[in-house]
Amino acid sequence: CSVIADGMGTITSKAVAGGLCGRINEGANYIKDCTVKNLDIRSGQQIAAITGFVHYGNTISGCNVEKVNLTLTATSPMKPAIGLASGLWYYKGDKPITISDNVFKNITVDATANVTGTTNILYGWEWSDNMTGIVESNNTMENIINNLNYQ
């Protein structure tokens, strides 16, 4: 699937936002060979160019993301998180999340959040702060302007 705006399109959410979807729950779901282009995405909790929140057992692969602005304005007690493929993710058991063969070009990340923790610009923040459970390979990131500030 593709989400391509003429000019610059806007997606705004108080909670979870992504260029293709807000959230993918657990299972064996695939976001594959998609395109997200020319979007300004704004959220108050979790945000990413592809999906705001992804659960264990899912795959994001072969996607092309270009000319996307991500703006996180976290004011909620939920864990605010931002990333390119996923903002927040949750790992459980032996069902990893696979993020592979994606291309991210000309992305601007603007975020200020009042939390601390370990984050990764590609896949964001893990719900339990565990930072295991991601299988990541062959992702390309070009011209990423990262203004990520956790306070």
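Strand S5 and strand S9 (residues 64-73) run parallel to each other and are joined by 8 bridges. Two strands count as paired here if DSSP finds at least two bridges between them. Strands themselves are DSSP runs of E with at least two residues, numbered from the N terminus. One place to look in this pair is valine 36, whose bridge partner in S9 is valine 65.

A word on the model before going on: this is a predicted structure, in which local features need pLDDT of at least 70, side-chain atom pairs count only at pLDDT 80 or more, and totals for chains, interfaces and linings use all residues. Residues are numbered from 1 along each chain as its sequence is written, and side-chain values use heavy atoms, with hydrogens and water left out.

S5 (residues 35-43) also pairs with strand S1 (residues 2-13), again in parallel, through 8 bridges. Here serine 13 has serine 43 of S5 as its bridge partner. In general, strands of a sheet pair through backbone hydrogen bonds, either parallel or antiparallel.

There is also an open sheet of 3 strands, with parallel pairing and the order S2-S6-S10. Its edge strands, S2 (16-18) and S10 (81-83), each pair on one side only. Neighbouring strands of this sheet are turned by 5 degrees against each other on average, direction ignored; the angles are taken between N-to-C directions on a scale from 0 to 180 degrees, using axes fitted to C-alpha atoms. Strand S6 (residues 46-48) meets S10 over 3 parallel bridges, and isoleucine 47 has isoleucine 82 of S10 as its bridge partner.

| Residue | Bridge partner | Strand of partner |
|---|---|---|
| serine 13 | serine 43 | S5 |
| valine 36 | valine 65 | S9 |
| isoleucine 47 | isoleucine 82 | S10 |

Now for a loop residue. Proline 96 sits between strand S11 (86-90) and strand S12 (97-100). Proline 96 counts as partly exposed because its relative accessibility is 31%, where buried means under 20%, exposed over 50%, and partly exposed in between (1.4 Å probe, protein chains only). Leaving aside residues up to four places away in sequence, proline 96 touches Tyr56, Gly57, Asn58, Tyr91, Gly133 and Val135, a contact being heavy atoms within 4.5 Å. Its C-alpha atom is 8.3 Å from that of threonine 132, 36 residues apart along the chain.

Finally, the whole chain. It has 16 strands and 0 helices, and 44% of its 151 residues are buried. Among contacts between residues at least 6 apart in sequence, 83% join residues at least 24 apart.

Notes: Helices (H or I, at least four residues) and strands (E, at least two) are DSSP runs, numbered from the N terminus.
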